[in-house]
Amino acid sequence: MENRNCRNCRFWRETPRSDVLGGDCCIRAPSIVMGHLNLISGGSDGTDAATIGFWPGTDEDDWCGEFVER
Ligand code: SF4
């Protein structure tokens, strides 16, 4: 039971903290959408867009009832 943590779960993603949205996270559920940006420049019509979202950050020793072994 002691090894049923995020580190050993198939839904855990270890991501370098140097990434823009870095940090270890759980992808068990879809990402949480925080908003949508319309940006000027980039696209063929002079605009571009980006959706901003994230998965919940977890540490390797965290756990929950949805654990599935890798
Ligand atoms: S929070 Fe639960 S489902 Fe997500 S990685 Fe950790 S043990 Fe797995």
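This is a predicted model: local features need pLDDT of at least 70, side-chain atom pairs count only at pLDDT 80 or more; totals for chains, interfaces and linings use all residues.
V68 itself sits in the segment after β4. Is V68 buried or exposed? V68 is exposed, because 11 other C-beta atoms lie within 10 Å. On this scale a residue is buried if 20 or more other C-beta atoms lie within 10 Å of its own, exposed if 12 or fewer, and partly exposed in between, with C-beta atoms placed from the backbone.

Residues are numbered from 1 along each chain as its sequence is written.

Now for the whole chain. It has zero helices and four strands, and along the sequence these give the pattern β-β-β-β. Both kinds of element are DSSP runs numbered from the N terminus, helices being H or I with at least four residues and strands being E with at least two. Of the 70 residues of the chain, 6% count as buried. Turning to contacts between residues at least 6 apart in sequence, 48% join residues at least 24 apart.

Next come β3 (residues 32-40) and β4, which run antiparallel and are joined by eight bridges; strands pair if DSSP finds at least two bridges between them. Within this pairing, V33 has G53 of β4 as its bridge partner, and N38 stands opposite A49 in β4. None of the nine residues of β3 is buried, so β3 lies largely in the open. The number buried is also zero among the eight residues of β4 (residues 47-54), so β4 too lies largely in the open.

Finally, the ligand. Which residues are around the ligand? They are C6, C9, F11, W12, C26, R28, T58, D62, W63, C64, E66 and F67, each with its C-beta atom, placed from the backbone, within 6 Å of the ligand. This shell divides into eight nonpolar, one polar and three charged residues. Here Ala, Val, Leu, Ile, Met, Phe, Trp, Tyr, Cys and Pro count as nonpolar, Asp, Glu, Lys and Arg as charged, and the others, Gly among them, as polar.

How values were computed
Two residues are in contact if their C-beta atoms, placed from the backbone, lie within 7 Å.
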